[in-house]
Amino acid sequence: MDDQTQLELEAAAFRRLRQHLMQDRTDVQNIDMMNLAGFCRNCLSRWYQEAANKRGIDMTKDAARETFYGMTMDDWKADYQTDASAAQQETFKDAFAQNVGDKS
């Protein structure tokens with residue numbers, strides 16, 4: 001497989017993952033993703049921002065999230081986010097520290 005084809009397939013897989021998380025499974029909470037997989041939608045948007053910044057594209061965290069989510073974080077939270085239980089929040093502290101560290 002040539003490099004361009006690989007790049008295009010990876011981009012297509014990313015777009016499909018984004019669709020799955022943003023349209024097909026809006027019921028899955030970020031906190032559950034982080035607790036189980038060590039990443040969430042916010043991580044994906046942060047990685048998007050980091051990739052843009054490495055290419056010289058100035059992108060803020062909020063702009064990256066809006067690009068990834070297709071709406072503002074406030075809108076996403078209002079439409080889809082539910083309250084996390086105390087147990088979820090406790091597990092999240094460890095998952096966040098292990099997988100993200102001090103990045104916000």
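**Salt bridges, pair by pair**

A: D24 is partly exposed, at 37% relative accessible area. Here, partly exposed lies between buried (under 20% relative accessible area) and exposed (over 50%), using a 1.4 Å probe and protein chains only. The model is predicted, so local features need pLDDT of at least 70 and side-chain atom pairs pLDDT 80 or more, while totals for chains, interfaces and linings use all residues. Residues are numbered from 1 along each chain as its sequence is written, and side-chain values use heavy atoms, without hydrogens or water.

The partner of D24 is R16: their side chains form a salt bridge, 3.0 Å from N to O. That term means a side-chain nitrogen of Lys or Arg within 4 Å of a carboxyl oxygen of Asp or Glu. R16 is also partly exposed, with a relative accessible area of 42%. In general, oppositely charged side chains can pair when their charged atoms come close.

The structure holds four salt bridges. Another of them joins R25 to D27, with N and O 2.8 Å apart. R25 is partly exposed, its relative accessible area being 35%.

A further pair is E90 and K93, whose closest N and O atoms are 3.6 Å apart. Both sit in helix α6 (residues 86–99), three residues apart, so about one helical turn separates them. A helix is a DSSP run of H or I, at least four residues long, numbered from the N terminus. E90 is partly exposed, at 46% relative accessibility. K93 is exposed, at 54%.

Terms used: Helices (H or I, at least four residues) and strands (E, at least two) are DSSP runs, numbered from the N terminus.
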